[in-house]
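User: Can you walk me through this one? I'll jump around a bit.

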There are 2 protein chains.
Amino acid sequence: MDPANWRTYLITQESISSGRSTLEIVEDAIAGGIDVVQLREKETEARWRYELGLELREVTAEAGVDLIVNDRVDVARAIDADGVHVGQSDLPVSVARDILGPDTIVGCSASTVAEAREAEAEGADYLGVGSIYGTTSKAVPEEESGVGPERVAEITDSVAIPVVGIGGITAENAGPVVAAGAAGVAVISEITTAEDPRDATEALRSAVETTKTVGGEGRSE
Amino acid sequence: MDPANWRTYLITQESISSGRSTLEIVEDAIAGGIDVVQLREKETEARWRYELGLELREVTAEAGVDLIVNDRVDVARAIDADGVHVGQSDLPVSVARDILGPDTIVGCSASTVAEAREAEAEGADYLGVGSIYGTTSKAVPEEESGVGPERVAEITDSVAIPVVGIGGITAENAGPVVAAGAAGVAVISEITTAEDPRDATEALRSAVETTKTVGGEGRSE
């Protein structure tokens, strides 16, 4: 799927899933209509991530859901993922592109217009912009307050590639992120810690689509 | 260089280098006659390792010294390293081989004969066997006593690929590891924490070569 059409994006983190496996959470999210899953699980060994990745590849491929791997370009290639997502401390976008080729999605995290422009220039296919509302999933105290939906507007005004908002996003606060120009929203906690991850995914999807419908294709200002 | 000809193998870890950069330590080790350098630096971000890797690639290439990357197959490929070294919790040897092709060295850690045979069957070019004498560089309390040089003998009797001993090895205790059949020895602390890493490398090399000369080409029994 073209990242411009991603509405809901799940980033996996088994450590906060209340004892449920990432595979279970992903299957529930697929049932709820998720568009893309990012295998993250940052604190785990590569072998474990690779084996989980092979499982996720099966269920996502069957459902027509995109699978992206965080940070590890080698794991992305090994499990035949649809793409990789790199942060500012990971391998450069250009290196990921060189290893994975032109047909694989390469996404990049950006929290400023400068980072967004650089990632686009290096060949990124989409941007993860945040942290929008701050986050409890990552230890980034200096960003606890979040860059806000305004940053999405600044960045979508500055680059042509699609933007996914990330950081503290819920069904309740997703609207302004989409209204600011994001193609979709990425979440960890909202789905992973939910009592019913399927319902949580449906609610998030509905919030995004409602705003898209109200605001038309572009940004509502 | 064929791993069978490696005598001394430095694994980098800037965190124990007393404020000296890994590049400095590697340059000193090269001056002391090191055969191969493994970029490890396990607790660091991929971007940092990639950038350091580009620097190490320059100095090792100029000196004709092999450069191996620990764990990250993508970083190995990105910096055009001579090979990658994977542990039992990293990507499988076969996956590394698939990404890097037949001409790149793929090494694997093995502490038992079973692991050694499996790695060889998967296509590993050499084995890192240990921890020989236990180690202070890694947090592996259950192996603190070490598998001993005897394990090197068992493994070299069981596989055809060359073995490098690792774990607590110094110029003083390297002899028995080589006498047991190891092609060479790998160290972190012995060179990285040395007051003079060049002298430490020379002493280690001398210890290995003396045992090789005394014992002939094969194992002295």
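User: What about Cys108(A), buried or exposed?
Analyst: Cys108(A) is buried, at 5% relative accessibility. Keep in mind that this is a predicted model.

User: And Cys108(B), buried or exposed?
Analyst: Buried as well, since its relative accessible area is 6% and the cut-off is under 20%.

User: How many disulfides over all chains?
Analyst: Zero, from a search of the whole structure.

User: How many residues are in contact between the chains?
Analyst: 20 residues of chain B touch 20 residues of chain A.

User: And what area is buried there?
Analyst: About 1,800 Å² between chain B and chain A. Carbon and sulfur atoms give 54% of that. On the chain B side, Arg47(B), Asp74(B) and Leu91(B) supply 30% of the area buried against chain A, more than any other three residues.

User: How many salt bridges between chain B and chain A?
Analyst: Two. Arg72(B) forms a salt bridge with Asp71(A), and the closest N and O atoms are 3.1 Å apart.

User: How many residue pairs are in polar contact across the interface?
Analyst: Twelve, with both residues of each pair at pLDDT 80 or more.

User: Which helices of chain B supply at least two residues each to that side?
Analyst: α2 (46–63), α3 (73–78) and α4 (93–100) of chain B. The largest share comes from α3(B), with five residues.

User: Back to Arg72(B). What does Arg72(B) pair with at 2.9 Å?
Analyst: Asp74(B), through a salt bridge within chain B. Arg72(B) counts as buried at 4% relative accessibility.

User: How many salt bridges over all chains?
Analyst: The structure holds 16. One is between the side chains of Asp125(A) and Arg97(A), at 2.7 Å from N to O. That pair links distant parts of the chain, 28 residues apart. Asp125(A) sits in the loop between α5 (113–122) and β6 (126–130) of chain A, and Arg97(A) is in helix α4 (residues 93–100) of chain A.

User: What about Asp125(A), buried or partly exposed?
Analyst: Asp125(A) is partly exposed, at 26% relative accessible area. Arg97(A) counts as buried, at 17%.

User: And what does Arg205(B) form a salt bridge with?
Analyst: Asp35(B), with the closest N and O atoms 3.2 Å apart. This pair also links distant parts of its chain, 170 residues apart. Arg205(B) is in helix α9 (residues 197–215) of chain B. Asp35(B) is in the loop between α1 (22–31) and β2 (36–39) of chain B. Arg205(B) is partly exposed at 22%, whereas Asp35(B) is buried at 8%.

User: In chain A, what is Asp35(A) linked with?
Analyst: Asp35(A), Arg205(A) and Glu209(A) are linked in a network of salt bridges.

User: New topic. Which residues of helix α6 in chain B are buried?
Analyst: Helix α6 spans residues 148–158 of chain B. Gly148(B), Pro149(B), Val152(B), Ala153(B), Ile155(B) and Thr156(B) are buried.

User: Last one. Where does Ser15(A) lie?
Analyst: In the loop between β1 (8–11) and α1 (22–31) of chain A. Ser15(A) is exposed, with a relative accessible area of 62%. Ser15(A) and Thr193(A) are 178 residues apart in sequence, but their C-alpha atoms are 9.9 Å apart in space.

Terms used. Residues numbered from 1 in each chain as written. Chains lettered and ligands numbered in written order. Predicted model: local features only at pLDDT ≥ 70, side-chain atom pairs only at ≥ 80, totals over all residues. Heavy atoms only, no water. Disulfide = S-S within 2.5 Å. Buried < 20%, exposed > 50% of the residue type's maximum accessible area, 1.4 Å probe, protein only. Contact = heavy atoms within 4.5 Å. Buried area = accessible area lost by both parts, 1.4 Å probe. Salt bridge = Lys/Arg side-chain N within 4 Å of Asp/Glu carboxyl O. Polar contact = N/O pair within 3.5 Å; in protein donor to acceptor, adjacent residues only side chain to side chain. Helix = DSSP H or I, 4+ residues; strand = E, 2+ residues; numbered from the N terminus.
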